Amino acid sequence: MPSSLLKNRYFIALQILWCLLGLWLCGGIDVVFGLPGAAPENATASIVFFVLTALALAAVHFFARRYVRSSEKFFANLPGLVFRLDQHGKIEFASDHGLHWIGASLSDNVRDHIIDHDTLTSLRRQAIDAKGAIQVVELPVTTNLGESLWVRIQMRALPPFTNDCQIDCIVWDITELVIERNLRRESEERLQVLEKLTNEALFLHDGGQCVDTNNAAERMFGYNRDELLTLNAADIIAPEAISLVMANIRSGYDKPYEAIARCKDGREFPCEINGRNVVVQDKTLRLTSFTDISDRKFSEEQIRFQANHDALTSLPNRYLFMDRLNYAIKLSKRRRECFVLMFIDLDAFKTLNDTFGHSTGDKVLSEIATRLTTTLRNVDTVARIGGDEFTVILPGTETPEDAELVARKIQTALSNSPISFGASQPPYTVSASIGIALYPDHGETTDELIAAADDAMYAAKKSGRNTFRFATNNCSKTP
C-alpha cells in the first residue's frame, strides 16, 4: 500500500529541491553564474555532505519502493479482498485477487460492490473510535457477479486517529464457515431436543469418572449436573453390581447388560446398561447409557406370576405345584427326609355354586385360600389345582402324627368361622375332605404321591366328609 512520498514524481521533485538548497547554501550559485564573492572555505565539504545525503535518500527510496512492491504482491495474492480507504471513502489500493473475486476493477466504485455506504460509514466510525484496535463484523453480501456470500470484514484505523485518517480493510469469504457453523448449530439444537425427549441417562466418562452427562441423568438419579460431574461409577451403581460394571468398562464390553443402579436418595432400581468406547479429542472415553427397566421388570414379573398362579386366589396353580412337588422330592431324597402331600376337596361346594351363583363361590374360594395360607408356614406350599381342589406340600414333616396335627389345624381354620355374605344370604360353614400321603412311604414319584393323596381324599369323602384319611399303601410297590 504505497504512500504518496514514495511515488516517483514526488521523490524526483524532492531531490531537485535538496540539490538546489545545497548549491545555494554552499555558494555554488555564485560560482555557476559568475557572481562576485568568494566561495566559503568549507564549500567543498558541504557539497559532499549534500551529495551523500541525496544518495542516501535515493537508497532509502529504492528499498522502500521495493518493500512496497513486495507488500503489494503479497496482499494482491491473498484469498480475500484487501483495500485501503482514505478520508473521503476512496479506494487507494485493492488486491487483484479480491477485485477478481467480487467481479470489479480498481476503476469501479469497489465500495458499492462490498457493502452499502451507510454500513461502511458506521464501521469506519467504529474503527476510528477503537484507535488502532481491529474491528470485526460478519455480513451477508452480493458480489458484482450476483453471488450471495457471507464475509468477515476486519477494519483498522491508521494513526493519527482523526476523522480524516486512513482505514485498512480485509474482507474474507467465510461462506463455507457460516454454512458449517449453521449446520453444527442445527445439529446441536436437534441433539438438545432429543436429549430433552430421551429417557436414557447418558454418561461420558473416563474409566468410570464422569466427564459429561445429559438432563435425563439428572431426572433418573436425582443429582444436579454439577454433582454428577464429580461422581464415579461406584456412586450410582449398587455394591452388588459394581464389580460387573467395572469389569465391563475395563474390557470395553459393548453389549447391553442388566445391573442395579442407585439414586441420590438411596433408592435402587434395575437398569439396562449399554456402553461403548469413543474417541474425543484424541482421547479414548466411554459413552454409557442407562435405561430404567423397572416397569419392564414389573411387567415380566406380572406375566411370570400370572403364568404360575391362580387368577382368583393368587395361589400357585397346577404348573407351579408340580414344579414344587418335584423339587420337594429331589430335596427330600438328597437329605433323606420325609414330607407330606395333602389333597383338600370342599364338601358340597357344587351345591353352593348352583344355589347362590359363581360370585358367591368365588368369594368362598378366596376366603379359603386366605385361611389356608395364614394357618400354614411360609415354607409350605398351598396350591389350587382346579375348581374346589387345593393341595398342600409340607416339607420336613416326618411322621403321620405331625401330618395329623396339621390336618386338624386346617379343618379348624376352615370350619371354625362361617363365611358371611351379608344380610341377603345365610353364612356358609366350610367343610372339607383331606387326603394325606407321605414321601416316601406312599410314593416316591410325583404321579405315585398324587394318586395316593387323591385316593385318600376320596376315602375321606366316603367316610362321611369333613374328615381326613391317610393313604393306605405305597403305589410304587407291586403286590
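1. Basis. The model is predicted, so local features need pLDDT of at least 70 and side-chain atom pairs count only at pLDDT 80 or more, while totals for chains, interfaces and linings use all residues. Residues are numbered from 1 along each chain as its sequence is written, and side-chain values use heavy atoms, with hydrogens and water left out.

2. Overall make-up. The protein has 17 helices and 15 strands; these are DSSP runs numbered from the N terminus, with helices being H or I of at least four residues and strands E of at least two. Of its 479 residues, 38% count as buried (under 20% relative accessible area; exposed is over 50% and partly exposed in between, with a 1.4 Å probe and protein chains only). Among contacts (heavy atoms within 4.5 Å) between residues at least 6 apart in sequence, 54% join residues at least 24 apart.

3. Aromatic pairs. Seven aromatic pairs are present. Rings of Phe, Tyr and Trp (its six-membered ring) pair if their centres lie within 6.5 Å; planes under 30 degrees apart count as stacked, over 60 as edge-to-face and the rest as tilted. One of the pairs joins Phe203 and Phe290, edge-to-face, at 5.5 Å centre to centre and 80 degrees between the planes. Phe203 belongs to strand β6 (residues 201-206) and Phe290 to strand β10 (residues 283-292), so this pair ties together parts 87 residues apart in sequence. Both Phe203 and Phe290 are buried. Ring pairs link Phe203, Phe221, Phe269 and Phe290 into a cluster.

4. Phe468 and Phe470. What is the geometry of the rings of Phe468 and Phe470? Their centres are 6.3 Å apart and their planes at 85 degrees, so the pair is edge-to-face. Phe468 is buried at 10% relative accessibility, whereas Phe470 is partly exposed at 25%.

5. Helices α14 and α15. Helix α14 (residues 349-356) packs on α15 at about 140 degrees, with the axes 6 Å apart. Axes are lines fitted to C-alpha atoms, for helices over the stretch in contact, and angles run from 0 to 180 degrees between N-to-C directions. The two helices are oblique (under 35 degrees is roughly parallel, over 145 roughly antiparallel, 65 to 115 roughly perpendicular and the rest oblique). In this contact α14 supplies Phe349, Leu352, Asn353 and Phe356, and α15 supplies His358, Thr360, Gly361, Val364 and Leu365.

6. Helices α15 and α16. The axes of α15 (residues 358-375) and α16 (residues 400-415) come within 9 Å and cross at roughly 140 degrees. This pair is therefore oblique. Ile368, Arg371, Leu372 and Thr375 of α15 meet Lys409, Ile410, Ala413 and Leu414 of α16.

7. Cis peptide bonds. The bond from Pro159 to Pro160 is cis, with omega near -5 degrees, and Pro160 lies in the loop between β4 (148-157) and β5 (167-173). The bond from Tyr439 to Pro440 is also cis, with omega near 0 degrees. Pro440 is in the loop between β14 (432-439) and α17 (446-462).

8. Positive phi. Ser314 is not a glycine, yet has a positive phi of about 65 degrees. The loop between α12 (294-308) and α13 (318-335) holds Ser314, which is partly exposed with a relative accessible area of 39%. Arg336, also not a glycine, has a positive phi of about 60 degrees. Arg336 lies in the loop between α13 and β11 (339-346) and is exposed, with a relative accessible area of 80%.
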